[in-house]
Each structure stands twice: as structure tokens, then as C-alpha cells.
Amino acid sequence: MGTAQMLRVAVVVIGIFLLMEVFLAYCKKRLNENYAFAWGVFAIVLMICGAVPALSGWSRALASQTSIFYVIMGVCIVWLLFTMSVNLSRLSARNQELAIQLSLLNTEMEQVLKKYRKETGKDLMEPEK
């Protein structure tokens with residue numbers, strides 16, 4: 001098996017692994033729908049580029065000594081970007097959760113102010129003279 005074929009197999013394996021990881025992260029609610037869809041499409045494109053010989057002419061253009069380096073660097077960059085997507089998904093979900101909690105607190109505060117105004121006749125929001 002030549003270097004070009006090994007590189008194509010590595011790209012297909014990376015695509016499969018990435019697709020499985022995207023699916024698991026989405027099922028565990030660590031990745032939102034938009035990021036999961038984008039990463040899924042990217043993983044499928046990786047698999048197609050590695051599997052279809054007409055689309056993998058790039059694998060023969062790389063020298064055998066540098067192809068391992070390029071694969072390792074590519075995997076590291078993709079994994080870093082995927083991790084950032086997971087973190088952004090978590091922060092987005094947390095932000096939405098905090099907005100809901102703030103809305104509930106505002107509603108509760110309004111109810112407390114109405115009750116206080118009804119019982120005392122004073123408005124806490126107006127400055128005293």
C-alpha cells in the first residue's frame with residue numbers, strides 16, 4: 001500500500017471517527033443542532049474525498065515524509081475546532097438558561113412589588129420626598 005492510499009484511508013477513518021463523535025456529542029446535548037449539522041457535513045465530505053479516487057488527487061501531491069505531519073496537524077486543528085464548537089454550544093445553552101432565570105426573577109419581583117404596594121400603599125420604585 002502506497003503513501004497516497006494510506007493517506008486516503010486515514011482521511012476516511014478520520015471522517016468516520018468525526019461523524020461518530022458529532023453524533024455522540026449531539027445525543028448527549030453537548031453540541032447544538034447547527035454545529036452538529038455543519039460538523040456532520042464536514043465529516044461526510046472528508047469521507048467522500050478520501051474514498052472517491054477522482055477526488056483524492058491531492059493525496060498523490062504530498063511527499064511521503066510530510067504527509068504524516070500534515071495528517072497529524074490536520075487532526076489537531078479539526079479536534080481543536082470541534083472542541084471550540086462544543087464549548088460554544090455549552091455557553092449558548094447556559095446563556096439561554098440564564099436569560100430564562102432572569103425573566104422568572106423579574107416576574108417574581110414585579111409580583112412582590114405589587115403585593116407590597118397593595119399592602120402598604122407605598123411604591124418602592126419611587127424615590128421618597
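1. Buried means under 20% relative accessible area, exposed means over 50%, and partly exposed lies in between (1.4 Å probe, protein chains only). By that scale E97, at 38% relative accessibility, is partly exposed.

2. This is a predicted model, in which local features need pLDDT of at least 70 and side-chain atom pairs count only at pLDDT 80 or more, while totals for chains, interfaces and linings use all residues. Residues are numbered from 1 along each chain as its sequence is written, and side-chain values use heavy atoms, with hydrogens and water left out.

3. A salt bridge here is a side-chain nitrogen of Lys or Arg within 4 Å of a carboxyl oxygen of Asp or Glu. The rule gives three salt bridges. Side chains of opposite charge can pair when their charged atoms come close.

4. R94 is partly exposed, at 42% relative accessibility.

5. R30 and E21 also meet through their side chains in a salt bridge, at 3.2 Å from N to O. E21 counts as buried because its relative accessibility is 17%, whereas R30, at 26%, counts as partly exposed.

6. R117 forms a salt bridge with D123, and their closest N and O atoms are 3.3 Å apart. R117 has 36% relative accessibility and so counts as partly exposed. D123 is partly exposed too, at 26%.
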